[in-house]
Amino acid sequence: MVAVGVSHNAAAGDADQQMALRGECVRLLVSGKDFTPGCEPVLISKSPSADSIQFQFLVKNGATLSIVGSDLPGPTDDIDQIKLVRFELNLGIQGVASSGGQASGQCTFNNPFAGKMTLSCEGTVKSKPLSLVFISDGKAPQQ
């Protein structure tokens, strides 16, 4: 898995690795709701295990949208894919529980250490569209 510096042959010790990318949140549509206007220019990547990855989008006022996927074979050596498994939306409001559930679809992305990275996800959440696009500024991720 290329995901923000995590190689496909990641060792068990690489789990929980976290990196941040700066760039542009082009589209953040979840469950039919458009969060793009409040999307911050930061994408965080976590690797909870050697075969899964979590991307976290920061939204104004402390809200976060996280998607989790499992590794799929990449179409080329420079592009990787994940199968969407679940999502979580935390509004960042004290006393308001996070919402989430299953997601389906897939994300594709390229190596962020090789220049600009584009993360593009298409799928569904609760039978409604999920569409995410983030383009990094081309600088290496921060650990």
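Modeller: Rings of Phe, Tyr and Trp (its six-membered ring) pair if their centres lie within 6.5 Å; planes under 30 degrees apart count as stacked, over 60 as edge-to-face and the rest as tilted. This is a predicted model, where local features need pLDDT of at least 70 and side-chain atom pairs count only at pLDDT 80 or more, while totals for chains, interfaces and linings use all residues. Residues are numbered from 1 along each chain as its sequence is written, and side-chain values use heavy atoms, leaving out hydrogens and water.

Biologist: How many aromatic pairs does the structure hold?

Modeller: The structure holds one aromatic pair.  The ring centres of Phe-55 and Phe-109 are 5.4 Å apart and their planes stand at 75°, so the pair is edge-to-face. Phe-55 lies in strand S4 (residues 52–59) and Phe-109 in strand S7 (residues 99–110), so the pair ties together parts 54 residues apart in sequence. Strands here are DSSP runs (E, at least two residues), numbered from the N terminus. The count you asked for is one.

Biologist: Is Phe-109 buried or exposed?

Modeller: Buried means under 20% relative accessible area, exposed over 50%, and partly exposed in between (1.4 Å probe, protein chains only). Phe-109 has 2% relative accessibility, so the residue counts as buried.

Biologist: And Gln-142, is that buried or exposed?

Modeller: Gln-142 sits in the segment after strand S9 (128–136). Its relative accessibility is 53%, so Gln-142 counts as exposed.

Methods:
Helices (H or I, at least four residues) and strands (E, at least two) are DSSP runs, numbered from the N terminus.
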